[in-house]
Amino acid sequence: MVPDLTFISAPMVNQSDAPFRLLTRRYGATLTYTQMLDSHRLLDDDDYLAHHLRDLQSTHPNWDAYTRPVVVQLCGNDPEMVVNAARRVQGYCDGIDLNLGCPQEHAQQGHFGGYLLTKKDWPLVDSIVSSMAHSLTVPTSAKFRLCPSAKTTDFGRLLEHAGASWVTLHARHVSAKRRRQGAADLDAIRALKEALSIPVVSNGNVRMFSDVTHNAGYTHADGVMVGETLLGNPCLFSGGPCRDPVVMALDYLAMCKCLAGVATLQTVQAHVRYMIAFQWYVDLLHVVWQAAVEAIGTGKLTWAIVIQRASTVVHQVSAGAERV
């Protein structure tokens with residue numbers, strides 16, 4: 001059974017820990033993903049497997065309603081290995097997703113993620129997804145990027161034919177040096193939605209809730225997945241104004257305290273920094289906008305005015321960052 005795909009918290013390296021997933025579910029996410037897990041390590045590294053099983057089983061009586069549904073994302077380039085790894089975790093999740101979009105250098109070196117999108121690797125991808133769909137007790141999905149040398153819609157059809165229950169398109173090309181090469185191509189997502197009969201999730205170009213609604217309306221996607229913007233504003237999907245970042249950080253820390261040993265200290269610190277820094281970013285945009293409006297009103301619209309006001313906020317942000 002396909003889970004509710006309306007609002008999805010994306011898989012993020014070292015950031016999709018259980019406390020954060022619970023936080024996003026509490027504030028409107030209908031589905032969360034784990035970070036990308038290495039299929040090989042799930043099979044050969046007992047400590048790695050134990051850590052992620054502990055993460056998947058972490059809950060608290062106050063937050064039981066937010067623990068599921070959750071999708072585990074795996075990477076790999078061997079059908080048997082991916083299926084065997086998925087069997088280790090399928091009892092603790094509501095779907096298994098194959099990562100076909102990771103742009104990082106280690107994915108390039110290991111030949112997985114976004115480096116399986118070239119047409120010569122399509123038969124391999126077909127074999128992996130088909131093996132998953134026919135071997136697992138939970139639905140199979142795939143998250144991918146724009147194909148480099150062929151039509152992305154054709155690749156989507158391959159995934160659908162192989163047995164994927166839904167797909168997610170991050171409509172940017174793979175780049176090991178830059179994760180975001182310009183804006184995501186929403187037209188590509190719209191074309192994919194028109195080409196497939198299975199649900200399609202849109203990923204990219206979201207900074208605020210109005211972007212979520214615009215994205216869904218324009219692409220006709222069945223859901224919208226958000227990544228880094230949620231790190232700064234975990235309550236994005238609630239549709240309301242951004243909450244006080246201190247309150248959100250304290251909510252997250254309270255969950256970490258109850259779910260001890262799930263999130264590392266480095267992960268916890270990173271989450272708190274993201275939440276505080278995001279609010280500074282919003283404040284900076286507000287000041288720049290206000291400066292422009294005031295300048296227009298007086299007939300003295302100059303970049304000097306805008307930059308002077310913005311510089312003040314930047315200095316405040318820098319001073320605050322030193323204290324975090």
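1. Phe155 counts as buried, since its relative accessibility is 0%; buried denotes under 20% relative accessible area, exposed over 50%, and partly exposed in between (1.4 Å probe, protein chains only). The model is predicted: local features need pLDDT of at least 70, side-chain atom pairs count only at pLDDT 80 or more, and totals for chains, interfaces and linings use all residues. Residues are numbered from 1 along each chain as its sequence is written, and side-chain values use heavy atoms, with hydrogens and water left out.

2. Rings of Phe, Tyr and Trp (its six-membered ring) pair if their centres lie within 6.5 Å; planes under 30 degrees apart count as stacked, over 60 as edge-to-face and the rest as tilted. By this rule there are four aromatic pairs. One of them, Phe7 with Phe237, is stacked, at 4.9 Å centre to centre and 15° between the planes. Phe7 belongs to strand 1 (residues 7-9) and Phe237 to the loop between helix 11 (228-232) and helix 12, 230 residues apart. Helices (H or I, at least four residues) and strands (E, at least two) are DSSP runs, numbered from the N terminus. Both Phe7 and Phe237 are buried.

3. Trp122 and Phe155 form a tilted pair, with 5.3 Å centre to centre and 50° between the planes. Trp122 lies in helix 7 (residues 122-135) and Phe155 in helix 8 (residues 152-162), so this pair ties together parts 33 residues apart in sequence. Trp122, at 8% relative accessibility, also counts as buried.
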